[in-house]
Amino acid sequence: MPQIGQPISRLEGHLKVTGAAKYAGEFNLEGLLYGYVVNSTIVRGKILSIDTGSAMKIPGVVEIFTHENRPSLAWFDIQYSDMDAPPGSPFRPLYDDEVKYYAQPIALVVAETFETARYAASILKVEYEAEEFDSDLKKNIEYARDPKMGLATMLKPLPPKPKGDFEKAFEESDVQVSSAYWHGTEHHNPMEMHATTTFYERGGKLTIFDKTQGTVNSQLYACNVFGLSFSDVRVIAPYVGGAFGSGLRPQYQLFMSVMAAIELKRSVRVTLDREQMFSFGHRPPTLQRVRLGADKNGKVTAMNHAAIAETSQFEDYTEVVVNWSNMLYPAENTLLEYQLVPLDVYSPLDMRAPGGSTGVHAIESAMDELSYKLGIDPLELRLINYAERDMAEDKPFSSKELRECYRQGAEKFGWSARKPEPRSMKRGNKLVGYGMATGIWDAMTVPSRAEAELNKDGKLKVNCAVSDIGTGTFTVMTQIAADEFGLSIEDVTFDYGDSDMAFAPIEGGSFTVSSVGSAVVKACQSLRKKLIQKAATMENYSLSEDNEGTIRFEKDRIVLSDSPAISVSFADLIAENSGRAIKASTTSIPNVFKLKKYTRAAHAAAFVEVEVDEELGMVNVTRALTAVAAGKIINPKTAKSQIVGSMIWGISKALREETISDHRFGKYMNENLAEYHLPVHADIYDLDAIFVEEHDDIVNPLGAKGLGEIGIVGMAPAIANAVYHATGKRVNHLPIHFDDLV
């Protein structure tokens, strides 16, 4: 039975729920030291002195590292860069006395126990020379609009060039919408906090257990910054307790752990606490404005989508925010704008559906507002403006079954029961609202490598350095490999999460299955050829490369399809190879010349029901359904888990989640899970996800598109639209609070 398409439970699930899975901060070694990071208490300025005297006298404290006694480090920006680094000058921990943002790491205390290190860190005395700072995006909006700002011309990727004459078309349109949208800062907050355990081994070799979305990325960073040989550094990440983008770049605990291990020639663990999880990347606060003009039949003729976001003073972090609008809706007159404001904050960092969850909220809310002005059903308006072709880039879609998402999603959700007027549906003392929105996310494929091996026991082993951050990568890669050889899951081993294995990209952007999965397919196909070649040299077998098309792999052997009696077992192949394993490794490189002719994207339609307490303004999402078109679904069970998880995050984004800043102090105020509000089980009701059939033989050899992000992009606007339908109040900032509605 084919394994692809089967709803197989996660192969490592039992280890995780029983606590047997070991994470980066749980690998122990005799003599292990513990490091605790000290963070700055000013936003910008100079460190005048760090008094370590009292702390060093505490029994058990081994060393305190600062910019004054740190080892020699790399000089050039490129050596601090990584696979996900934006343009600019990457942050360098402990590099000098300059403070660039609040909570910047400025020292590392290393001790025999974690508790000793933490206490010693608390009594360090630091003197600063503080300077003026600016961390407030809203205060800088007028500055950002200044055409002389210059920064916007350097942004990559740039929004598409204007088409037609937007201002003229907007003024002449029958119906107009002009609204502003805002979301504040958000932090990733995975369950597992960032930790690195570095084992210092004989000859100065390092084995690093790191919380990362890319073992090779962390290896490259450590080697480049500290001048180490790649053969002397191994990074392992067998299990990752969520990341959502926070592990795409090497975070400073990796630097601290490796530095201390090298200098002390001891094994060292550095773990960040929850408050310190707010001291690096975040989703940037963004202000948007959307102006839409339409004719009386609902056809959008003019579209302006502008966004202004923050970045740090040292890197130009950008997101694709405004481009989605014209990809979804083919207006003939467009003006898409995107600008950055550099502020005294740490660089923002990709966070689940970066740019997409921001930009789609604005355009889908604006389309909903337009539907009410026109008196057209919100779903019907989207069908009127359905894009059969990507007009922004003037390309065809490799595949697009969004129309079917609308149809199947609306039918299963019961959209037809919606009454058009706001405040027209009620359940007891609760106002009921229906809302919907479209989702879109890039279907990317990047180079990756995999190695396949028929081992001496006649079993298939496949490996790749890719991480599994909890998405089900381990399971689906095993399924993909099993199908190439006609094997059951039990006869296949997929090894991963180790930089010594075949090269893998970072796990993010919803491109892991398409990229690593394609490499697994190619490696297995290469191994198949080797096995057939080996079989062709064996006596008494009528198998050769000439009849490869009639050969099939099943169970533990190669079989000639038209003569099933003719076969050769894997055990015989290994015996013929003197008992040695037979291996093959290949690199999967996307055909960019073919792919660039198409726009490749996953699509979704989100449908939501909310209840709003008429007196208290409390909002609950009582039902939600997302219909997804994402090519071939490798594992329906893990796929649905990805979508439902994204939907929950969409609920959080719309109604709960925000990092609060006090710009008088340039710091975040709710650096904990008590005050950084996230949904709990009691907040989540009936959620469902369905997949519509979509065939795509262009995106990659598997025909699969990513699922990690498509489920979140449409949820927040669908909820906001449902809130409007329930209450008649249009709230365009996120999260929506009860005081917005009473």
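Which side chains meet in a salt bridge with an N to O distance of 3.0 Å, one of them being that of Lys-705? In this predicted model, the partner of Lys-705 is Glu-694. The pair links distant parts of the chain, 11 residues apart, although Lys-705 and Glu-694 both lie in the loop between strand 30 (686-691) and helix 18 (710-713). Lys-705 counts as buried because its relative accessibility is 5%, and Glu-694 is likewise buried, with a relative accessible area of 6%.

Side chains of opposite charge can pair when their charged atoms come close. The count of salt bridges in the model comes to 40. One of these is formed by Glu-388 and Arg-403, whose closest N and O atoms are 2.6 Å apart. Glu-388 is placed in the loop between helix 11 (378-384) and strand 15 (389-390), and Arg-403 in helix 12 (residues 402-413), so that the pair links distant parts of the chain, 15 residues apart. Glu-388 counts as exposed, at 56% relative accessibility, whereas Arg-403 is partly exposed, with a relative accessible area of 37%.

A salt bridge also connects the side chains of Arg-423 and Glu-614, at 3.0 Å from N to O. Arg-423 belongs to the loop between helix 12 and strand 17, and Glu-614 to the loop between strand 26 and strand 27 (619-629); the pair therefore ties together parts that are 191 residues apart in sequence. Both residues count as partly exposed, Arg-423 at 43% relative accessibility and Glu-614 at 34%.

Strand 17 (residues 426-427) is joined to strand 18 by 2 bridges, and the two strands run antiparallel. Lys-426 has Leu-431 of strand 18 as its bridge partner. The two strands form a hairpin with 2 residues between them, and in the turn Gly-428 has a positive phi of about 65 degrees. Strand 18 is also joined to strand 26 (residues 601-613), in this case by 13 bridges and again in the antiparallel sense. Within this pairing, Ile-440 stands opposite His-603 of strand 26. Strand 18 (residues 430-442) is largely enclosed by the rest of the structure, because 11 of its 13 residues are buried.

An open sheet is formed by 7 strands in the order 3-5-1-11-8-9-10, with mixed pairing. Strand 3 (61-65) and strand 10 (233-236) stand at the edges with a single partner strand each, so one side of each is left without a neighbour in the sheet. Neighbouring strands of the sheet are turned against each other by 20 degrees on average, direction ignored. Strand 1 (residues 33-39) pairs with strand 11 in the parallel sense over 3 bridges, and the bridge partner of Gly-35 in strand 11 is Val-270. Helix 4 (residues 114-122) lies across strand 1, strand 3 and strand 5 (105-111), and runs at about 25 degrees to strand 1. Helix 7 (residues 215-226) also packs on the sheet, where it touches strand 9 (206-210) and strand 10; the direction of helix 7 makes about 145 degrees with that of strand 10.

Arg-283 is located in the loop between strand 11 (268-271) and strand 12 (286-294). Arg-283 counts as buried because its relative accessibility is 0%, under the 20% limit for that class. The side chain of Arg-283 reaches the backbone oxygen of Arg-352 at 3.0 Å. By contrast, Ser-578 counts as exposed, at 55% relative accessibility. Ser-578 is found in the loop between helix 15 (570-576) and strand 25 (582-588). Ser-578 and Lys-456 lie 122 residues apart in sequence, while their C-alpha atoms are 9.4 Å apart in space.

Helix 19 (residues 715-727) comprises 13 residues and reaches 18 Å from its first C-alpha to its last, close to the 18 Å expected at 1.5 Å a residue. Just after helix 19, Gly-728 takes a positive phi of about 80 degrees.

Methods
Residues are numbered from 1 along each chain as its sequence is written. This is a predicted model: local features need pLDDT of at least 70, side-chain atom pairs count only at pLDDT 80 or more; totals for chains, interfaces and linings use all residues. Side-chain values use heavy atoms; hydrogens and water are left out. Helices (H or I, at least four residues) and strands (E, at least two) are DSSP runs, numbered from the N terminus. Buried means under 20% relative accessible area, exposed over 50%, partly exposed in between (1.4 Å probe, protein chains only). A polar contact is a pair of N or O atoms within 3.5 Å; within protein, one must be able to donate a hydrogen and the other to accept it, and residues adjacent in sequence count only if both atoms are side-chain atoms. The expected span of a helix is 1.5 Å times one less than its number of residues. Two strands pair if DSSP finds at least two bridges between them. A salt bridge is a side-chain nitrogen of Lys or Arg within 4 Å of a carboxyl oxygen of Asp or Glu. Axes are lines fitted to C-alpha atoms, for helices over the stretch in contact, and angles run from 0 to 180 degrees between N-to-C directions. Contact means heavy atoms within 4.5 Å.
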